[in-house]
Amino acid sequence: MTPERVAGLVARWVRLYTRGLPAAIAQRRIDEIDADLYDHVAHERAHGTSDWRIAAGIGSRMLRGLAADASWRGRQAKAATDHPLPPEKAMRNHKTAYRSGVGVAIATALFLLWLMGAVGVIGVEGDRADLMYFGVLAVGVVGAVIARFRPSGMARALLATASAQALVAVIALIAGKHQAPNASVAEIVGLNGIFVALFVGSAWLFRRAARRQPPANAGPRA
Amino acid sequence: MPRRKPGTLLPLETEILDAALSTLSSGQAAFHGFGLAQTMREQSGSRSLTGHGTLYKALSRLEEFGLLTSRWEDTDAVEGRPRRRLYELTGQGAQVAEQARAAAGPGQAPGRLPRIAPGPA
């Protein structure tokens, strides 16, 4: 993974968690992180740091800041919506959050499948350990069916999927897959960590959709 | 992240103020997010930079407390890169940073968490 790709992933994450916030607040955070990512890559390259280390550093900063991102978002959203939303707006926000959750979950699953087929996630290309990721995807699919695609159940299904993804990384490390050529502990933890973060991000969106679900009797105003 | 006692700063926030004070002492009043993360890494001797979310959330809290101010840098200074948000210590911010540094002793990272005027977080 190049630093630009990981920076792009961070930029998308920022756009995701600032969605629905007042435009000025969202844009400030987006611009600020964009400048930070640019400065980070430029600084490390100027100091001769390898692309892999830069990418890992950026990914690690994103992962370590996830909890703070969620808490910051919560505070901003609370400040922006101190008054309850009218049902039409609540319904719109609910749909947006649900669709975003579906989009992130599907994109993450497709990205995982592509990575398995193209270069392999664990060990060298074609390593049978990659087949464990079908189990991860199965957890998500079965969870979604059991939840009957309702937002709160989908949030739990995606959290279970993220846990399964983390479990695969642990199994791979116990099995010594990090000793394969071109593999390392950082690579297995970093790559799987990105997928865990994406699945957790999707779960968070479904949770938001569940919270913003308007009451059953809230129809459009006359 | 540790819980905040009402009216006090978190260790990370004190660390940010201390780094900002060092930047100010070196003759540069304004600093930006990545530059600050770099300074903090050097001062603490850590191998990794502060997480994006952790850093910018703390910066926005310090701004809310009136210890920092911020503005966008002039577009003329940008030269083909994204423009940076520039932060500066306020008078109160510099005072709080100096108190924390004095409490920690010479050459030490700020240890005690100074009380500040704003209410609980």
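In H3(B), the buried residues are B:His52, B:Gly53, B:Thr54, B:Leu55, B:Tyr56, B:Lys57, B:Ala58, B:Leu59, B:Arg61 and B:Leu62, where a residue is buried if 20 or more other C-beta atoms, placed from the backbone, lie within 10 Å of its own, exposed if 12 or fewer do, and partly exposed in between. Helices (H or I, at least four residues) and strands (E, at least two) are DSSP runs numbered from the N terminus. The model is predicted, local features need pLDDT of at least 70, side-chain atom pairs count only at pLDDT 80 or more, and totals for chains, interfaces and linings use all residues. Residues are numbered from 1 along each chain as its sequence is written, while chains are lettered from A and ligands numbered from 1 in the order in which they are written.

Because ten of its 13 residues are buried, H3(B) is largely enclosed by the rest of the structure. From first to last C-alpha, this helix reaches 18 Å, close to the 18 Å expected at 1.5 Å a residue; the expected span is 1.5 Å times one less than the number of residues. Just after H3(B), B:Gly66 adopts a positive phi of about 80°.

Chain B as a whole contains four helices and three strands, arranged from the N terminus as α-β-α-α-β-β-α. Of its 121 residues, 35% count as buried. Among contacts in chain B with a separation of 6 or more, 56% involve residues 24 or more positions apart; two residues are in contact if their C-beta atoms, placed from the backbone, lie within 7 Å. For helix H1 of chain B (residues 11–25), the 15 residues should span 21 Å at 1.5 Å a residue, which agrees with the 21 Å between its end C-alpha atoms. Buried positions in H1(B) are B:Glu13, B:Thr14, B:Glu15, B:Ile16, B:Leu17, B:Asp18, B:Ala19 and B:Ala20. Their cover includes strand E1 (31–32), H2, H3, strand E3 (85–89) and helix H4 (91–104) of chain B. B:Gly27, which follows H1(B), has a positive phi near 95°.

The contact between the chains takes 22 residues from chain A and 17 residues from chain B. On the chain B side, helix H2 (33–44) and helix H3 (52–64) each supply at least two residues, and H3(B) gives the most, with five residues. By class, the side of chain B that touches chain A has five nonpolar, seven polar and five charged residues; Ala, Val, Leu, Ile, Met, Phe, Trp, Tyr, Cys and Pro count as nonpolar, Asp, Glu, Lys and Arg as charged, and the others, Gly among them, as polar.

Helix H4 of chain A (residues 66–80) and H3(B) have axes that come within 6 Å and cross at roughly 40°, axes being lines fitted to C-alpha atoms, for helices over the stretch in contact, with angles from 0 to 180 degrees between N-to-C directions. H4(A) is therefore oblique to H3(B); angles under 35 degrees count as roughly parallel, over 145 as roughly antiparallel, 65 to 115 as roughly perpendicular and the rest as oblique. The contact joins A:Leu66, A:Ala68, A:Asp69, A:Ser71 and A:Trp72 of H4(A) to B:Gly53, B:Thr54 and B:Lys57 of H3(B). Its residues comprise three nonpolar, three polar and two charged.
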